[in-house]
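Dear colleague,

Please find the structure below for your review. A short account of the findings follows it.

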Amino acid sequence: MLALVRPIRPSSGLLAASSLCLLAGCLRHPSAQADSKRATAPLSAAAQSRPPASPPPHAGFVRLGGSGECSVQIVAEQELVSRPPEKKPTGYQARLRASLLDLQKYLGMLAGGPCPIVTEGEKEQGRLPLYVGGAAAAHLGPIAQIPMAGQTLRVVVRKDSIATYGDSELATSYAIYTLLDALGCRWYMPGPWGEVVPRRPLVELPLGDRTIAPSTRYRGLWYADEDFKRRNRLGGQQLAAGHALETYVTAEQRSEHPEWRASINGKPHRSRLEWHLPQVADAIAQGVVRALDRRHSNSASLSPGDGIELSTSPGDTTLDSGDMVTALGLPSATDRFLVLANRVAERVAERHPDVLLGALAYSRTFLPPRREAVHPHITPVIAPILTCRAHPLTDEACPTARALRKAIEGWSERTPRLGYYAYLYNLSETSAPNPLIRRLSAEIPYLLWHKVVFWQPETMPNFDTSLPGLWLSIRLPWDSRLEPAAVLDDLYRGFYGAAAAPAQAYWEYMDSLWVDTPEHVGGWRSYMRRFTRDRMARARVLMDAALGAANTIAQHARLQLADEALRLFERFMGMQQDLWAGRLAGLKTSAARWKALVAGLAVLRESEFAFTGARWTGTETVSGRYFAQSIQPTLDDASRIARYRMLTKPPIRKLRIRFDVNDWDPCEAPGLDDSGWRETDIATESWATLDRGEYFGGACYRTRVALKPERDGESSYLWLGRYDGTVRVLADGRELVPVDADRKRLRTPKAKGPQSFVLPPVKSAQTVVIAVRVRRSDLEELGGGGLEAPVIVYRVGRAKR
């Protein structure tokens with residue numbers, strides 16, 4: 001029976017089914033399932049030496065082993081059986097060799113005894129042959145093809161033999177792990193604690209014959225060891241889609257044809273090109289062909305270089321559709337890009353008709369085209385970098401979800417296949433537990449239904465914070481018929497055992513803090529609203545309950561990883577709460593300790609790919625690098641000003657705000673009536689919360705500060721902990737001068753902050769009107785905008801009392 005694992009329209013009422021239409025539990029007879037619950041430890045040596053007589057197999061099943069012996073012999077081709085191989089295998093052959101050894105290893109663990117690997121001529125009488133790869137093809141004949149890029153596999157279970165093979169070495173590897181998956185073997189995360197191999201008295205498989213293929217051509221995960229990726233059937237036909245377009249044109253060609261260089265506001269750009277010119281398309285096509293001739297691949301990338309600046313020449317801009325990318329406030333450039341890309345694809349197809357051309361639907365090419373068709377050899381890869389990462393795309397309350405769905409549906413109508421470059425982490429702050437449960441439970445089925453066959457997510461080494469989501473990302477793209485709830489239930493029960501229910505409660509609670517909080521800004525900026533002190537206390541109670549329910553070393557070790565992540569984040573939120581409460585003195589020390597703790601945990605948990613330890617960050621972690629770039633400067637400078645006398649206790653976090661402020665608007669005037677302005681708490685309300693998440697322009701904050709007169713030798717300063725955009729600060733209408741840590745004047749405020757400003761001398765008690773003008777002009781993937789840390793007034797001079 002042929003069975004392509006096709007997408008099923010997303011529905012809450014679907015029944016779960018595995019790629020064999022048989023989940024691990026279905027492959028055991030009900031009585032065997034009951035037995036497996038009692039068999040929690042290996043047989044003793046004495047019991048193994050006197051195995052009891054085995055009952056006959058259940059009707060419709062074949063027995064692989066049990067009671068301390070394996071009744072199977074694995075039959076493979078000579079080149080796979082030879083030890084060591086006559087020639088060291090490489091590529092997919094090496095993968096298949098490792099898969100074969102895994103089959104031997106895990107069948108032996110399941111059955112409780114060794115399973116030999118032999119050739120056809122070495123078969124032993126009395127053992128059930130399990131044919132693999134070429135040996136299986138020789139036994140049963142060639143496999144029926146399913147068009148899925150060499151990933152068709154067949155599993156046959158008969159009373160006298162078993163066979164598992166595919167239409168390629170890669171597919172045969174998949175077939176091996178499909179068989180092991182059906183027997184209940186799982187690798188939930190990298191490292192020793194991620195492996196779960198069930199123990200039961202009898203190992204049986206139901207009779208059947210299935211030819212299947214995965215739901216996607218490619219399934220990716222950036223950070224995990226190769227064994228983990230192989231065992232979870234990751235990989236496949238990867239689609240090249242990196243930023244590469246401009247690299248196909250040589251420096252000599254650019255020099256010879258200066259008219260090819262993009263004109264941006266009248267100036268030639270160093271790398272961008274004029275997309276409307278046929279000669280540019282010819283040069284790019286020649287570059288792609290040269291690259292493929294040197295090293296053939298199944299795909300090449302046409303994605304433009306990163307950034308939002310494109311040619312402003314009439315030749316290019318007249319090709320635009322008129323649609324606007326609202327998150328950027330700029331015209332969509334998809335149609336003009338496709339004029340170029342279609343020309344390139346036509347020329348490349350003449351030489352390499354089997355090659356797909358990947359192209360990111362990203363930034364200014366995010367929206368589907370209005371006018372241009374998509375060449376059959378081009379596969380758009382949607383990269384939703386400007387959309388909310390906290391909420392599912394099905395969330396009607398999320399301001400970017402509807403636009404994302406519209407883009408996906410629009411592209412799906414225009415092309416036979418899509419790729420999707422999902423971002424499976426919280427950009428700029430990756431230490432918060434972020435399970436991604438509801439987001440991916442909704443998104444992956446939706447995407448597969450809309451023709452996504454290249455699942456190419458960007459991930460982090462974050463199994464400590466995002467295990468449930470990563471498990472969904474591994475399982476659902478393999479088989480779109482699986483119900484997300486069943487996949488998660490398999491994780492909780494198989495991985496956490498006796499602690500399944502409280503572990504599930506913890507993960508689902510943390511997930512709810514992301515999904516149910518109406519905040520859409522990225523990074524850490526939503527945390528004071530999302531992770532309040534009471535909510536963090538509740539998370540601790542749930543985690544402690546899960547730890548208390550664990551009754552094996554393995555269960556406790558698995559929960560300990562999540563517990564370490566929660567404890568790390570508790571420290572992070574403690575620093576945030578101290579900052580907003582004005583407890584500044586120890587923040588620099590706390591920040592340094594936190595970074596060191598992250599680095600230590602990453603080393604300790606390296607094999608588990610946790611705590612964002614990545615080689616490209618050197619001795620730092622990704623979390624530590626983000627922290628150093630965005631949050632630590634604020635904490636360090638807060639500790640610096642803590643030695644001075646604070647005049648605003650606690651710091652200022654509630655101000656009035658008005659948007660749509662231009663440079664001539666007298667919003668800073670002391671006598672201006674601002675009673676009609678909106679009051680905002682900058683600790684808990686981002687611009688996205690104020691329905692201005694996609695606003696690029698000016699805003700003005702106002703507050704009033706009562707000041708006592710300065711004493712001799714004293715001076716007063718206003719401190720902004722962090723801001724997104726350019727700032728001007730005024731007191732009673734007078735613009736304040738920024739100063740550095742040594743109180744020396746600066747020409748302009750530091751980008752992002754922290755920044756101190758000199759207040760005018762305070763000769764008598766007075767109330768000063770503080771106005772902060774902010775203009776958010778630069779694109780930032782996090783959203784943001786405006787003030788993002790406390791406002792503090794402090795006084796320098798005599799020692800504080």
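**Core and salt bridges**

Setting aside neighbours within four places in sequence, Leu-107 is in contact (heavy atoms within 4.5 Å) with Leu-64, Val-72, Ile-74, Cys-115, Leu-130 and Leu-183. The model is a predicted one, in which local features need pLDDT of at least 70, side-chain atom pairs count only at pLDDT 80 or more, and totals for chains, interfaces and linings use all residues. Residues are numbered from 1 along each chain as its sequence is written, and side-chain values use heavy atoms, with hydrogens and water left out.

Leu-107 also belongs to the largest nonpolar core, which has 220 residues; Leu-107, Ile-284, Phe-531 and Leu-787 touch the most other members. A nonpolar core here is a set of buried Ala, Val, Leu, Ile, Met, Phe, Trp, Tyr and Cys residues joined through side-chain atoms within 4.5 Å. Buried denotes under 20% relative accessible area, exposed over 50%, and partly exposed in between (1.4 Å probe, protein chains only). Helix α19 (residues 553–581) supplies the largest share of this core, 12 residues.

The whole structure contains 51 salt bridges, each a side-chain nitrogen of Lys or Arg within 4 Å of a carboxyl oxygen of Asp or Glu. One of them joins Arg-645 and Glu-714 at 2.9 Å, N to O. Arg-645 is buried, at a relative accessible area of 16%, and Glu-714 is buried at 9%. Glu-714 also forms a salt bridge with Arg-711, with the closest N and O atoms 3.3 Å apart; Arg-711 is partly exposed, at 24%.

Yours sincerely

Note on methods:
Helices (H or I, at least four residues) and strands (E, at least two) are DSSP runs, numbered from the N terminus.
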